[in-house]
Amino acid sequence: MENRTATRGWNFKENKKLVSASGLTVRSVLNKLMSCVDPADTRPVIPLGHGDPSSFPCFRTTPIAEDAISDALHSATFNGYPSTVGILPARRAVAEYLSQDLPFNLSPDDIYLTIGCNQAIEVLLSALACPNSNILLPTPGFPYYEAWALFTHIEIRHFNLLPENEWEVDLNAVESLADENTVAMVIINPGNPCGNIYTDQHLEKVAETARKLGILVIADEVYAHLAFGSKPFVPMGIFGSIAPVITLGSISKRWIVPGCRLGWLVTNDPNGILKEHGVIDSINGYLKISSDPPTFIQGAIPQILQKTKDDFFSKIVNMLREGADICYDRIKDVPCITCPSKPEGSMFVMVKLHLNLLKDIEDDLDFCLKLAKEESLIILPVDHYSKSKHMNNSNWWDATLYRYLKITPCAGVAVGLKNWLRITFACEPSYLEDGFQRLNSFYQRHAKKQ
């Protein structure tokens with residue numbers, strides 16, 4: 001084929017901001033780790049790096065969900081385009097489902113259906129992206145917030161979660177970081193990546209701090225009700241009368257169907273502050289220029305939410321509890337990692353990596369890359385840099401990410417603390433046992449001589 005060059009040269013080129021943002025995701029790191037697995041290793045890959053247990057038979061979703069989707073598809077009722085905010089029966093069902101845990105009743109008008117929880121993040125951050133705005137994000141946290149904030153030109157400011165206090169929010173740091181351009185703070189409960197559950201007392205303090213600062217609370221509750229410790233899950237929306245709360249959630253985790261891509265954005269704002277300040281109009285405006293979750297999945301939502309039996313939920317929670325127990329106990333057998341607190345929710349636990357006990361390991365990412373190559377074991381490196389120091393230092397950022405991930409220009413590693421690891425326990429127990437045996441073997445090979 002003849003190679004033709006435009007007379008004046010081609011006018012299009014890469015969108016560097018998009019390439020940068022895409023590197024700030026768990027997927028980009030997991031893909032890099034998977035590429036390091038030795039194809040000559042005949043052992044199965046042990047996936048302890050992500051929160052999708054749907055491939056394990058013991059985590060199969062309820063037949064209620066399968067039948068609901070099949071019924072919706074075969075009804076021929078849901079073959080057309082939906083409303084931009086979602087079809088009314090589905091929004092009504094979500095409102096009724098969430099209102100069970102709130103002191104007030106949500107309306108279908110408070111519900112916006114999205115393509116999973118990730119699109120809910122996209123919608124909301126786009127709606128809040130005004131000139132000079134900034135957002136307060138937790139460290140550690142879920143890096144999709146950083147990715148979308150970077151893409152929408154929202155300045156990122158990080159506050160710490162405190163491992164010594166069961167990963168509670170450092171509210172003093174939140175107050176010191178906020179200014180007149182701060183629009184929101186994000187909390188993730190149950191915690192990803194920390195596996196913690198916030199008490200209602202702490203959530204109320206979060207709401208009081210948000211009211212004092214004049215900001216809204218973005219409550220990421222995609223792991224809602226996956227709680228198996230001493231503390232029950234409490235939705236942040238309970239405190240929507242103190243400060244506006246926008247809840248993000250989905251059916252992905254509780255029903256183990258992340259491939260269905262059905263999420264929601266919910267306004268808990270009985271005082272009407274969000275509408276008064278134009279946030280509702282901005283959310284509606286973004287949804288009018290974006291895509292919708294499949295109509296037949298929306299059509300299945302009423303049946304899924306209303307008919308799923310408690311025994312299914314109990315089964316999932318009990319399996320997560322068993323996995324968390326195994327994970328917490330096996331961590332104690334690996335000297336180079338320690339866990340500050342036993343996980344009580346979600347699908348993850350955070351462990352501190354002690355590099356002083358290891359030879360030829362540079363940081364958490366180096367540890368995970370070599371672990372993937374030598375043991376076909378995937379664990380997520382939480383971070384190896386200080387975001388607050390380097391987030392806007394493009395030269396440092398670009399050099400670091402090119403060095404580790406061959407991604408340019410700027411991108412990020414995982415979820416936010418230096419030399420920590422995130423391990424998922426949402427898998428079959430035999431995989432956890434095998435995974436920790438491999439982890440211990442890896443440690444033995446790389447341990448410093450005492």
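In the predicted model, threonine 61 is located in the loop that connects β1 (46–48) with α3. Threonine 61 counts as buried because its relative accessibility is 11%, under the 20% limit that defines a buried residue. A polar atom of the threonine 61 side chain lies 2.7 Å from the backbone oxygen of tryptophan 255. When residues up to four places away in sequence are left aside, threonine 61 touches Glu66, Trp255, Ile256, Val257 and Phe312.

Helix α3 comprises residues 63–74, twelve in number. The distance from its first C-alpha to its last is 16 Å, close to the 16 Å expected at 1.5 Å a residue. At the start of α3, the backbone nitrogen of isoleucine 64 has a side-chain oxygen of threonine 62 within 3.1 Å. Four residues of α3 are buried, namely Ala65, Ala68, Ile69 and Ala72. These residues lie on the same side of α3, because the arc they cover around the axis is only 95°. In general, an α-helix has 3.6 residues a turn, so residues three or four places apart point the same way. The buried residues of α3 pack against α11 (295–307), whereas Pro63 and His74, on the other side of α3, are exposed. Alanine 76, which has a positive phi near 60°, follows α3.

The model also contains an open sheet of eight strands with mixed pairing, arranged in the order β2-β9-β8-β7-β6-β3-β4-β5. Isoleucine 218 is placed opposite isoleucine 246 of β8. In general, the strands of a sheet pair through backbone hydrogen bonds, in either a parallel or an antiparallel manner.

Strand β4 (residues 155–162) includes arginine 157. Arginine 157 counts as buried because its relative accessibility is 18%, which is also under the 20% limit. Apart from residues up to four places away in sequence, the residues touched by arginine 157 are Asn134, Ile135, Leu136, Leu137, Leu177, Ala178, Asp179 and Thr182.

Technical notes: Residues are numbered from 1 along each chain as its sequence is written. This is a predicted model: local features need pLDDT of at least 70, side-chain atom pairs count only at pLDDT 80 or more; totals for chains, interfaces and linings use all residues. Side-chain values use heavy atoms; hydrogens and water are left out. Helices (H or I, at least four residues) and strands (E, at least two) are DSSP runs, numbered from the N terminus. The expected span of a helix is 1.5 Å times one less than its number of residues. Buried means under 20% relative accessible area, exposed over 50%, partly exposed in between (1.4 Å probe, protein chains only). The arc is that of the directions from the helix axis to the C-beta atoms. Contact means heavy atoms within 4.5 Å. A polar contact is a pair of N or O atoms within 3.5 Å; within protein, one must be able to donate a hydrogen and the other to accept it, and residues adjacent in sequence count only if both atoms are side-chain atoms. Two strands pair if DSSP finds at least two bridges between them.
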